[in-house]
Amino acid sequence: MFEKLGIVTNIWAKEIENGALFADLMVEFGANGFRDMEVREGDYLRNSEFGQLIQNIETVMLDYSDVDFKAICDEVWNSTATNNEIIETKHAKLFKEATNFVRKASGLTLSYAMSHPWLSVPNDIEDDNQKMIMAKKLAYLLCPQRARLRLVDLDTEDEIDENTAVANLKRYTSLLPEYPMIFAVENARQSAPLTLKLAVAGGAKLTYDETNTYLADGTTLNPPEVFWNSVKMDDLTSVHFKQKTDEGVLSEVEDGYVDFKAIVQHLKSGNYTGDLLLENAPTTHSLVDALNSREYLHGL
């Protein structure tokens, strides 16, 4: 099951802070068998050379219609496969840079994830829509063949208005229908069964992270069995693996609050086909941590 184990790129935060290049880490992890990568938004990403490329692309997005930008994304990947030059655009140098990055990502599956308060009423719906459209376009640029955008709400803490949350998800999924995409949300401060319920009602998939179910003292927002007894595997697109103890989230997957063996049994019995992603706490030796974590999981 763990032959295709991937990673969430925020595990590189300390290395990028110390000057490592996002693209170099991507190539190194890919060469070591971690080929599914969720590009997690954050300061570490924006401060990297790849983050600068993203920002430059965001700046010029509005210079292109939705149809034209999609065509450019497709051509970036097609030119990589054929070794042809990128089609002529108003920003040929910029998209050539994107093509060079994509060449380094050959053989990898990249998705995009960001924090967004999808459980709350937006202050400005039009602004909210534009943020989601931009995020969807970035997700498509990262992998036109299997684009995926994942949201996690780390801000909403009050009682959830379920109708608002579902309406937000339906609105988000309706944007850019011409861009094929998996749209997902992750359980964070809210319980996994509630997040699953809202995701299904809103037409989204769920990214599940059982670690987020555990509080600092080892108690849970919901017993994991409640979630596993209610979820259908078709509603899951990704499962995150990280471990937590009373010291917090660990830099390697090992023994702790989360029962990974039980998770694996649930996934196998349900014939789960989505991806599995490591999201260890960042260190300056994340590849060693990832390799040790993979070895531990193989031993379950």
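**Entry 1: strand β4**

I started with strand β4, residues 148–152, and found it mostly covered, with five of its five residues buried. I note here that the model is predicted.

I then checked the two faces of β4. Arg 148, Arg 150 and Val 152 lie on one side, and Leu 149 and Leu 151 lie on the other. Both faces are covered, and these residues are all buried. In a regular strand, side chains alternate between the two faces of the sheet.

**Entry 2: partners of β4**

Which way does β3 pair with β4, parallel or antiparallel? I find strand β3, residues 109–115, paired with β4 in the parallel sense, over four bridges. Ser 115 stands opposite Val 152 of β4.

Next I looked at β5, residues 182–186. Five bridges join β4 to β5, and the two run parallel. Leu 149 has Phe 183 of β5 as its bridge partner.

**Entry 3: the barrel**

I followed the pairing through the whole sheet. The strands form a closed barrel of eight, in the order β1-β2-β3-β4-β5-β6-β7-β10, with parallel pairing. Neighbouring strands of this sheet are turned by 25° against each other on average, direction ignored.

I also looked up helices lying across the strands. Helix α2, residues 22–31, lies across β1 (6–8), β2 (36–40) and β3. I have α2 running at about 155° to β2. Helix α11, residues 260–269, lies across β7 (236–241) and β10 (275–278). The angle of α11 to β7 is about 160°.

**Entry 4: α4 against α6**

Two packed helices are described by the angle between their axes and the distance between the axes. I took helix α4, residues 49–60, with helix α6, residues 92–104. They pack at an angle of about 140°, and their axes are 10 Å apart. That angle makes α4 oblique to α6. The crossing of α4 past α6 is left-handed.

I listed the contact residues. From α4 come Phe 50, Leu 53, Asn 56, Ile 57 and Val 60. They meet Leu 94, Phe 95, Glu 97, Ala 98 and Phe 101 of α6. By class, the contact of α4 with α6 has eight nonpolar residues, one polar and one charged.

**Entry 5: α4 against α7**

I stayed with α4 and turned to helix α7, residues 125–142. Here the packing angle is about 125°, and the axes are 11 Å apart. The pair α4 and α7 is therefore oblique. In which hand does α4 pass α7, left or right? I read a right-handed crossing.

Phe 50, Ile 54, Ile 57 and Glu 58 make the contact from α4. Met 134, Leu 138, Leu 141 and Leu 142 make it from α7. I sorted the contact of α4 with α7 into seven nonpolar, no polar and one charged residues.

I see Phe 50 and Ile 57 in the contact with α6 and again in the contact with α7.

**Entry 6: α8 against α9**

My last pair was helix α8, residues 162–174, and helix α9, residues 192–202. They pack at about 45°, with axes 8 Å apart. So α8 and α9 are oblique to each other. I read the crossing of α8 past α9 as right-handed.

On α8 the contact uses Glu 162, Ala 165, Val 166, Leu 169, Lys 170 and Thr 173. On α9 it uses Leu 194, Lys 197, Leu 198, Ala 199, Ala 201 and Gly 202. The contact of α8 with α9 divides into seven nonpolar, two polar and three charged residues.

Methods. Residues are numbered from 1 along each chain as its sequence is written. This is a predicted model: local features need pLDDT of at least 70, side-chain atom pairs count only at pLDDT 80 or more; totals for chains, interfaces and linings use all residues. Side-chain values use heavy atoms; hydrogens and water are left out. Axes are lines fitted to C-alpha atoms, for helices over the stretch in contact, and angles run from 0 to 180 degrees between N-to-C directions. Angles under 35 degrees count as roughly parallel, over 145 as roughly antiparallel, 65 to 115 as roughly perpendicular and the rest as oblique. A crossing is left-handed if the near helix is turned anticlockwise from the far one by less than a right angle, and right-handed if clockwise. Contact means heavy atoms within 4.5 Å. Ala, Val, Leu, Ile, Met, Phe, Trp, Tyr, Cys and Pro count as nonpolar, Asp, Glu, Lys and Arg as charged, and the others, Gly among them, as polar. Buried means under 20% relative accessible area, exposed over 50%, partly exposed in between (1.4 Å probe, protein chains only). Two strands pair if DSSP finds at least two bridges between them.
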